[in-house]
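Hi,

Here's the structure I promised to send over. Have a look at it first, and then read on for what turned up.

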Amino acid sequence: MLRKTMVSALIAGAVATSGVAQADSVKIGFVTTLTTPAAVIGEDMKNSVELALEHIGNKMGPLDVELIFEDDGFKPDIGKTKTDKLVKQDDVDFVTGFIWSHVLLASAKSVLDADKFLISANAGPSQIAGKRCHPNFFSSSWQNDQTPMAMGEHLNQTGVKSLYVMAPNYAAGKDMVRGVESTFKGKVLGKDMTKWGADAQLDFSAELAKAKSSGADALFVFYPGKAGGAFIKQYQQAGLQGVMDLYTVFTVDSIALPKLQAGGLSGVLGSKNTQQWSPDILNAANQRFVSEYLARHGKYPSFYGAQSYDAIMLIKSAVEKVNGDLSDKDAVRAALKQADFDSVRGKYSYGNNHMPIQNFYLREVVEDGEGRWTTKIVSTVLTNHQDPYAKDCKM
Amino acid sequence: MDWSLLITQLLNGLQLGLLLFLLASGLTLIFGIMDFINLSHGSFYMIGAYFCGTVVAITGSFFIGVVFGLVGIFIVGAAVEWFIARRLYRSDHLDHVLVTFGLILIFDTLVHLLWGAQGMAIPLPDMLNGQIRIGELVLPTYRMLIIGCGLGVAALLYVLVVRTRLGMLIRAGASNRTMVEALGININRLFLVVFALGAAMAGFAGMLIAPITEASIGMGNDIIIVAFVVVIVGGIGSVKGAFYAALILGMMDTLSRSYLDVVLGWFMPVTYAETAAPALSAMLIYILMAAVLAFRPQGLFPPAGAK
C-alpha cells in the first residue's frame, strides 16, 4: 500500500514538473546523422542550429528553447526509434531535422499520429508531398524532384542532347532521377542506381566505364555526403573531364568542396549545380548566417545547415505568433503556413502540401577572395516553383 | 559488343578482386591457423588508411605515407594479438565475435575522436591521377597501380607461403595446429607474426582504396563481410583459395553491376530490370556463398589435409 502511494506520489511529481517545464519552454527534437561518415552533414546542421539558437538568444517569444539532438545512424529503423523517443518520452512540441528521405518516411507517422509538428530540414520525399501529405508536416527545404527538375531545364538551355544518370538506390535517389527525367527533353542513354546506406557503394569504376561507353553528352549525378567527393575524384581519375560534362544536384556542396580542394581536384571548379540556396544570396539574414558560420568554423555552411537554420527560425516565427500558447494547434499550424520569417534563401511561401514554393538557382563552383572553393549563383532557373506532387495532396 | 568496355570492366573486376584478396588472405590465415574469428580485421583496413593519410598530409608524399602506414598497422596488429587475441584462442567462437565486435566499436570511436567524422581525402601525385591510353582504352593510372600492387603482394605471399620455413609452418598450422605444437614449434610467435602480417595486408588494402573513396569511419565494416564470404568460398585457411575466390567475387560483382540490367532487360520490361538489377547484383555473391556451402562446404580450394 505504502509502495503504491509512493509510486503515485512520484508520478504526480513527475507530471507536475513536466507540466511546469511545458509552460515556459518550447521543446524541439532534432533528428540527424551524428555517427557514420554521414555525420559530417549532421555536424553542419548541428552547428547551424546552435548558431540559430544563439542568434535568437535561446528564446522564442516568451518561451525558452529546449533542444534535443538525436542520431539516426543513417538507418530508417534507428531514426524511427529515436523519433518515438522524442515524441513519447521527451514529449517535444516540434520534431525537425531529417537528412534522409527513407529515414523521414519511416519516422513521420510517429510524429504526426501524436499530433505534433514535423518540420523536415532536408528530406523531401515525393510520398509526403503527395498522397501522404499531412496538415502538421512542413518543409524548410524542398521537394526532392524540384532541384533536379531545375537541372533538367538548365540542360535543355545549354543544348545537352543526351544524358547518363547515376544516383543511389533509395527513396530520394529515385525522386531525383524522376525529377531530371521529367524536365530534360533530350535522351537518357543509361541509368545506374547504386547501393546506398551505411554500407553504400563508393567505388564507381564499373558505372563510370558504362557511362563513358554510352557516348552521352553529359553525366547527371546525385551523390550526397561523402559519396560526392569520392565520385568527383573518380570521375576525374577516369579521364571523363572534358569528355563528358558533369552536372550535379546535392553533390558538390560546402561539405565536399574543402575536401576536393585538399585533394587538388581543380576539375570541379566551374562545374554547375542547382539549389534553392547559396552562400552568396544577398539578404541580411543570410549574410549574418554565412559570415558568422565562416568565422566560427572556418568553412562555409552547407545547404543542409541553411535549411536547419531556417527550420529554427520558422518555428520561432510560429511560437511568437501564438504568443507561446502551443496548445492551440490550429493557430500554430496557421502561423507556420505563413512562413513569415527572414529565410536565408529569401522569402518563400507554402503550397497546399506545405512544401515551399521558391526559386531554384544555377550555381557555379568558384574560388572566393580568400582562395576557398565555394558556389556562386549564375542565374535563376525556376521562379516560384511548386513541386509536381502538390496536386495529389488533398489538403 | 563493346570490347573496350568489357576489357575495362574485367580490369575493374580484377582491381576489386585483388583488394578483397589483400583483406581476405590475412583473415583466412588468422581464421584457419588460430581458429580465431576476427571481425575487427576491417578496422585494420580503416586504420591503415588513416595512418597513411596522416603521413601524406604531413610529408606530402603518398609513397612515404604507405611505408609509414604499413609499419604503423603492423605494430597495431601485433599489439592487438599480444594484448587481446592471445587470451582468446582457447575460448569459443562466440567470445571471439563479442570481443572483436567490441574492438570495432572502440576503433571506430577512436578514429572519430582523433580524426573527426568528416573522413580524410588522400591526395595522389599528379602522375597517378592521370590515365593510361592503349588504343581505344583509357585506363585510370591509379587503378592499374592497385592491380600491380595486388598482384605483387599475391606473388610475395606465394613465395612466403610455399618457399620459406615460415610459410611451411603457416601451412602446417592451417592443416593441423595440434601437430605443429606437438613438434615443438613456438606457436605463440608464429601467431603473432601471422596476425600482424594479416593486419598489415588489410591496412595496405585500405591505403590503396582511400585515394579513390576517401578514408572514413566504418569503411572496413562494409567490406569485411565480403572478405568473410571470400574466405568461406575459397576454403578456410587457404591463401590460394582466398586468391581465386576474391577474383571470382570481384569479377562477379563488377560484371553484374555492368551487365545485369541489360541481361534482365531481355526477360522483363526495362523499368523493372533497372530496379531489379542493382538489388540482384548486391545479392549475387551471397547466392554464390550459399551454393558453395550447400555443395562444397569445405570451400573451393581447402588447404591440403584440412578436416
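In what order do the strands of the open sheet in chain A run? The order is β2-β3-β1-β4-β5-β6, 6 strands in all, with mixed pairing. One caution before going on: this is a predicted model, in which local features need pLDDT of at least 70 and side-chain atom pairs count only at pLDDT 80 or more, while totals for chains, interfaces and linings use all residues. Residues are numbered from 1 along each chain as its sequence is written, and chains are lettered from A and ligands numbered from 1 in the order in which they are written.

Helices (H or I, at least four residues) and strands (E, at least two) are DSSP runs, numbered from the N terminus. Two strands pair if DSSP finds at least two bridges between them.

T96(A) has I119(A) in β5(A) as its bridge partner.

Now chain B and its helices. Helix α1 (residues 3-34) packs against helix α11 (residues 239-265) in chain B at about 145°, with the axes 7 Å apart. (Axes are lines fitted to C-alpha atoms, for helices over the stretch in contact, and angles run from 0 to 180 degrees between N-to-C directions.) By class, this contact has 14 nonpolar, 9 polar and 1 charged residues. Here Ala, Val, Leu, Ile, Met, Phe, Trp, Tyr, Cys and Pro count as nonpolar, Asp, Glu, Lys and Arg as charged, and the others, Gly among them, as polar.

Another pair in chain B is α3 (residues 62-83) with α9 (residues 187-213): their axes come within 7 Å and cross at roughly 140°. That makes α3(B) oblique to α9(B), the class left over once under 35 degrees (roughly parallel), over 145 (roughly antiparallel) and 65 to 115 (roughly perpendicular) are taken out.

Finally, where the chains meet, the contact takes 31 residues from chain B and 32 residues from chain A; two residues are in contact if their C-beta atoms, placed from the backbone, lie within 7 Å. On the chain B side, α1(B) gives the largest share, 6 residues. That side divides into 12 nonpolar, 13 polar and 6 charged residues.

Cheers
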